[in-house]
Amino acid sequence: MSYLSFIDFYKNEVKLSFEDHPFSKTPKHVWVICRFRNQWLLTEHPRRGIEFPGGKVEKGETADEAAVREVHEETGAHVKHLSYIGQYKVEGKGGTIIKNIYYAEIKEIIPRESYFETKGPVLMDDLPANLKDNNRYSFMMKDNVLRESIRKIKQTNLF
Ligand code: GTP
């Protein structure tokens, strides 16, 4: 298996791969890099800050279904097309987590009464260059997963 390895914001080891489900066929977490028209679609978490939507796979649900659901709950957006990009594994102090990374093209965003655990959608033309030092952004946006995933999405001509 080929993967990249690096240390994240919390000094945990992360392994990132763009192969087909290299770490688990049934990952318990998902993260979705979203585009709506010519913008990035993110969400604002009250504690972690701005991040791409995502979360945990629920019982009886596939990871792909969780991705579509989390995007909707956290931003009000409906996914037009979902592409699997890769997977990463974090060896944290509290255990190991495995996440699928997706790229989603958004069809429409319909305002919701509530956005579950977040403050709702955030649209941006460009992601800031200095994410690592910016405390408005979530730790999830601060390691190489984001940079490498966007590189992969561009390489694959998804946008
Ligand atoms: P909830 O509060 O129930 O959502 O769970 P939790 O805070 O225990 O978080 P979760 O199980 O999602 O993740 C456990 C730990 O894994 C986090 O504290 C992070 O250290 C790490 N982790 C989770 N998601 C990511 C991620 O996307 N990137 C990186 N680098 N680490 C992550």
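Reader: Which residue stands opposite E13 in β7?

Author: E91 stands opposite E13. This is a predicted model, in which local features need pLDDT of at least 70 and side-chain atom pairs count only at pLDDT 80 or more, while totals for chains, interfaces and linings use all residues. Residues are numbered from 1 along each chain as its sequence is written, and side-chain values use heavy atoms, leaving out hydrogens and water.

Reader: What makes two strands pair?

Author: Two strands pair if DSSP finds at least two bridges between them; strands (E, at least two residues) and helices (H or I, at least four) are DSSP runs numbered from the N terminus. Here β2 (residues 13-17) and β7 (residues 77-92) run antiparallel, joined by 5 bridges. β7 also pairs with β8 (residues 95-109) in the antiparallel sense, over 14 bridges. L82 has A104 in β8 as its bridge partner.

Reader: How many residues lie between β7 and β8 in their hairpin?

Author: The hairpin has 2 residues between these strands.

Reader: What is a nonpolar core?

Author: In soluble globular proteins, nonpolar side chains tend to be buried together. A core is a set of buried Ala, Val, Leu, Ile, Met, Phe, Trp, Tyr and Cys residues joined through side-chain atoms within 4.5 Å; buried means under 20% relative accessible area (1.4 Å probe, protein chains only). The largest one here has 25 residues, and those with the most contacts inside it include W31, I33 and F52. α2 gives the most to this core, 4 residues. Apart from it lies another core of 15 residues, among them A63 and I106.

Conventions
Buried < 20%, exposed > 50% of the residue type's maximum accessible area, 1.4 Å probe, protein only.
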